[in-house]
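Have the model open in your viewer and your selection tool ready. We will go from one stop to the next, with a note on what to select at each.

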Amino acid sequence: MNRPQTILVIDDDPMIHKLLPVRLKELNVQLLHAQDGEEGLAMANAHTPDLILLDVMMPRLDGFEVCRQLQHGVRTREVPVIFLTGSDNANEMSRGFELGAMDYVTKPFNANELRARVRSALRLQALVAALETQAKTDALTGLPNRSAFKHRLQRVFDRSRSQGTSFALVFIDLDRFKHVNDSLGHAAGDRLLVQVADVLQHEVAAAAKAAGRLASDFIARMGGDEFVVIVDSNEDVHTLMALGERLRAALGVGFPIDGHHVHVGARLGIRICSDWDATPEDLVRDSDTAMYAAKEQGKGRCVLFTEQMHLDARERVRIEEELQVALSNGQLWVAYQPIVDINTAQIAGFEALMRWHHPQRGNIVPDQFIPIAEESGLVVPIGRWVLEESCRQFVAWREQGLISDAQHISVNLSKAQIMHPDIEAHIVVACETAGLPFGQLHLEVTESVIMHEVNYIVQVLNRLRALGICISMDDFGTGYSSLASLHRFPIDTLKIDRQFTETIANSRQYAAVIQAIIMLADNLGMRVVAEGIESSEQLTLLQALSCGFGQGYHLGRPTTAEATTQLLRDHKDACCNHGTGVLIPIETAPGVWGERNGAVA
Ligand code: C2E
Ligand code: CA
Ligand code: CA
């Protein structure tokens, strides 16, 4: 500590003020002088000294009263007090200690004793201050930590509210930090965080300078790879977004770590604070919500908080809570959509699609709740239930003679499910409990999920295939895998995403792409299912391109188990009556399929 410590002397005796500078000279302290209790309190508040030497006997406010008031002041209650007493009066001393005094010295002073007591009080105070700083500092980066941020936020909040000014919070979350930790080790991750902290400090200061304001902005590390900036001035949206973009760009450049050039990137959420209905905690939550929205919009974004985000976030929480009970209350059900061999028009199998019958909102489609279930981990028990229920239903159809050994049931697996350590056990139990041969189960995993953790997921898929289960790559064409690397994946079926099917009739180029996919899949021994076939025109084109299988509203909408039972019966009858073996009358007005079966999309 370089700055000399300050001692405030409060005494009505002028001699003391003359004497103390001499007595304490060798301690290298700065003395402040107050001639009575009132002046002493004012100075203590204004300067927050490191120690107060307080006379007991003073006119008007005596030392005890001053001590009591110091104990109540926000800025003074941590300052140690040594009483200067005229006598060795035990009563006086114990009263002083009760009021929070740390020590006492009797007048007339013994110079050595005085110095020793003052020195030890100052040492203790320095230690306490150092501990406090440590408790407010992030040890790794040296930035203020979460607790310091909370204090600062409250201060800025109170001041802005009383002055009617605004300020902003910028939340920053690194994109690929976990990846750096996993691949280069934690020490490298630490070095990265230190560099990130430096970049943030540099950029925030530079931005403040460019905007011509005092650099009173505050940067803290909230923990992990999360940082926050308090922009403590009335800035408009434009300036704040520019700051966000500046930080994003600076973090996107990459960092030299252990001879590697590491790219992380960041997403940012900004909350402008100018309404005083919100609490500081609300503001933190809102900037986090904006950061979350930035995450949803893809890597490397900077997003400004809007009230709508708050409503959306509340809605998500509500859905999550309701979903918790949906499973146990039997509100979930499975819809089945036929997957059709488009050359023979036979039903090759069904895809099981989850539905939620909400007591107030009616049927809710998966896009509205699966992402939420995914995030909360609820998708694991829910997905497991879908798996067990659809296996059970499929075997029931088989036992009724409506399904042959050649047909399959396709069940979707989410990312959280496939990453779950017990996923194989869940699948084996579902098949064995239902009595479904592994060979009749197809599991659909989207291309982007497979690409997410390629090495790990490929191992899981290999083990599942070893059991005889077939794997479909779902939504193919929307993820990141290239056609050239397709052979690396242990998959039996490619499901071409609906987007491609949609465009096939409009553009020759797309038709050529689909044809290339079909040819390649054929070479690799994979089946191809075109998703989202909605018109006979699309169907005819896909047939011409030798696409093996199709799925879509034109061939049959997802519908209830009961309606599907009826569908299977009708087709069995049609098949027996005409002896054609053709189950789906593709040529004959296939569009009526959905309506006839009371379809639920
Ligand atoms: P997906 O796996 O790609 O499923 C196909 C989606 O396309 C289904 O939407 C289906 O109803 C819809 N669809 C089928 N034919 C057509 C068509 O001709 N036109 C159009 N516009 N859409 C068609 P759905 O049932 O709303 O499911 C959406 C997504 O939710 C699914 O996409 C799947 O990723 C997910 N999902 C559904 N059920 C489950 C489940 O049990 N577990 C998991 N993890 N995900 C599920
Ligand atoms: Ca699917
Ligand atoms: Ca799909």
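Start by selecting Leu-494: leaving aside residues up to four places away in sequence, Leu-494 touches Met-473, Phe-476, Leu-486, Ile-517, Ala-521, Met-526, Arg-527, Val-528 and Val-529, where contact means heavy atoms within 4.5 Å. Before moving on, note that this is a predicted model, in which local features need pLDDT of at least 70 and side-chain atom pairs count only at pLDDT 80 or more, while totals for chains, interfaces and linings use all residues. Residues are numbered from 1 along each chain as its sequence is written, chains are lettered from A and ligands numbered from 1 in the order in which they are written, and side-chain values use heavy atoms, with hydrogens and water left out.

A nonpolar core here is a set of buried Ala, Val, Leu, Ile, Met, Phe, Trp, Tyr and Cys residues joined through side-chain atoms within 4.5 Å; buried means under 20% relative accessible area (1.4 Å probe, protein chains only). Helices (H or I, at least four residues) and strands (E, at least two) are DSSP runs, numbered from the N terminus.

**The calcium ions**

Which residues are the protein donors of the calcium ion (ligand 2)? Select Glu-351 (OE), Asn-412 (OD1), Glu-444 (OE) and Asp-474 (OD), which lie 2.1 to 2.3 Å from the ion. Donors are N, O and S atoms within 2.8 Å of the metal (3.2 Å for Na, K and Ca); water is not among the atoms, so sites may look incomplete. Glu-351 in strand β14 (residues 346-358) and Glu-444 in strand β17 (residues 441-446) are 93 residues apart, a pair linking distant parts of the chain. Both Glu-351 and Glu-444 are buried. Then show the calcium ion (ligand 3), 3.9 Å from the calcium ion (ligand 2), and look at Asp-474, which coordinates both.

**Ligand 1**

For the last stop, select ligand 1 and the 23 residues that surround it (a heavy atom within 4 Å); the closest are Gln-337, Arg-355, Asp-474, Glu-534 and Tyr-553. Turn to Glu-534, where an N or O atom of the side chain is 2.4 Å from a nitrogen atom of ligand 1. Finish by coloring β14, which gives the most to this shell, with four residues.

Terms used:
Buried < 20%, exposed > 50% of the residue type's maximum accessible area, 1.4 Å probe, protein only. Polar contact = N/O pair within 3.5 Å; in protein donor to acceptor, adjacent residues only side chain to side chain.
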